[in-house]
Amino acid sequence: MLVRIFQTFLVCMAIACTSGEEQGREKTQLPEQRHQYVDIDANALPFHQKVYVPIYSEIYHSSGDRRFLLTATLSVRNISMCDSLYVSGVDYYDSYGQKKRTYLEQTILLGPLASVEFVIEDKEDEGGAGANFIVDWAARKDNLRPIIQAVMIGTSSQQGISFTTEGVRMDSSSYAPF
C-alpha cells in the first residue's frame, strides 16, 4: 500500500513538472516583441537623442576568475501624460564596442505613460561586464524626456543579485571633458 502511494506521488510530481515546462514554452512573445510599429522617419522629427545605457550581462566574483551571468531588462518609459514619443533604434553592444544585436527594424510609437522592454537573456555570454544599449528616440516636442533604465538580475542556488543602471544622453551637453 505504501509503495502504491509513493508511485502515485511520483506520477503526480512528474505530471506537475511537465505541465510547468509546457506552460513556460507557451509564451509566444518576449517583451520586446510587443510593439506598435509606425511608418515615420524619427530623424525628421524636431527633437531626437541617443542614450547610452550600461548593461552588465555578467559580473565577476571570487578573485575575478569566475563569472556570474545576469539577465538584463532595458526599459524605455514615456513619462508624459499627453504626448507620444518614438523609439527608432535599440542596439546592443559588447564590452569591445561590437554591435551584437539590433532590436528594431522599424520605429515604434510609445504613447503617453507607455513603456517598452528589451531583454538580454542570462545565457547570453558575449556582452560582458562592459556591454551597453544605445537607444535612439525622438519626439515632436523638446520637453519630453523618457526614463531609460536597465535592471540586471541573476540567481544561483540560494544566492540572488539585482541592481539598476540609468541611461545617459550621448550629446556634448550631457558630459564635461576631464
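Partly exposed, in this tour, means a relative accessible area between 20% and 50%; buried means under 20%, and exposed means over 50%. The model you have open is predicted.

**Stop 1: the whole chain**

Show everything as a cartoon. The accessible surface comes to about 11,500 Å², and carbon and sulfur atoms hold 53% of that. Of the 178 residues, 34% count as buried. Among contacts with a separation of 6 or more, 74% join residues 24 or more positions apart.

**Stop 2: the four-stranded sheet**

Select strands S8, S4, S10 and S11. They make an open sheet in the order S8-S4-S10-S11, and the pairing is antiparallel. Strand S8 (115-120) and strand S11 (159-166) are the edges, each pairing on one side only. On average, neighbouring strands in this sheet are turned by 15° against each other, direction ignored.

Strands of a sheet pair through backbone hydrogen bonds, either parallel or antiparallel. Keep S4 (residues 71-77) and S10 (residues 147-156) and hide the rest. These two strands run antiparallel and share seven bridges. Pick Thr 73 next. Which residue in S10 is its bridge partner? The partner of Thr 73 is Val 151.

**Stop 3: salt bridges**

Side chains of opposite charge can pair when their charged atoms come close. How many salt bridges does the structure hold? There are seven.

Start with Lys 50 and Asp 136. Their closest N and O atoms lie 2.7 Å apart, and the two form a salt bridge. The pair links distant parts of the chain: Lys 50 sits in strand S1 (residues 47-54) and Asp 136 in strand S9 (residues 132-139), 86 residues apart. Colour both by accessibility. Lys 50 has 41% relative accessibility, so it counts as partly exposed. Asp 136 has 16%, so it counts as buried.

Move to Arg 67 and Glu 58. Their side chains meet in a salt bridge, 2.7 Å from N to O. Is Glu 58 buried or exposed? Glu 58 is buried, because its relative accessibility is 4%. Arg 67, at 43%, is partly exposed.

Next, select Asp 91 and Lys 99. This salt bridge has its closest N and O atoms 3.7 Å apart. Asp 91 is buried at 11% relative accessible area. Lys 99 is partly exposed at 46%.

Finish this stop with three residues at once: Asp 94, Lys 100 and Glu 126. A network of salt bridges links them.

**Stop 4: a nonpolar patch**

Go back to the surface and select Tyr 52, Val 168 and Met 170. Together they form a nonpolar patch with about 240 Å² of accessible area. Tyr 52 lies in strand S1, the strand that also holds Lys 50. Patch members need over 30% relative accessible area. Tyr 52 has 31% relative accessibility, so it counts as partly exposed.

**Before you close the viewer**

Take the S8-S4-S10-S11 sheet, the Lys 50 and Asp 136 salt bridge, and the patch of Tyr 52, Val 168 and Met 170.

Definitions and conventions. Residues are numbered from 1 along each chain as its sequence is written. This is a predicted model: local features need pLDDT of at least 70, side-chain atom pairs count only at pLDDT 80 or more; totals for chains, interfaces and linings use all residues. Side-chain values use heavy atoms; hydrogens and water are left out. A salt bridge is a side-chain nitrogen of Lys or Arg within 4 Å of a carboxyl oxygen of Asp or Glu. Buried means under 20% relative accessible area, exposed over 50%, partly exposed in between (1.4 Å probe, protein chains only). Contact means heavy atoms within 4.5 Å. Accessible areas come from the Shrake-Rupley method with a 1.4 Å probe; for residues, only the protein chains shown count as cover. Two strands pair if DSSP finds at least two bridges between them. Axes are lines fitted to C-alpha atoms, for helices over the stretch in contact, and angles run from 0 to 180 degrees between N-to-C directions. Patches are made of residues with over 30% relative accessible area and no salt bridge: like charges are joined within 9 Å, nonpolar side chains (Val, Leu, Ile, Met, Phe, Trp, Tyr) within 5 Å.
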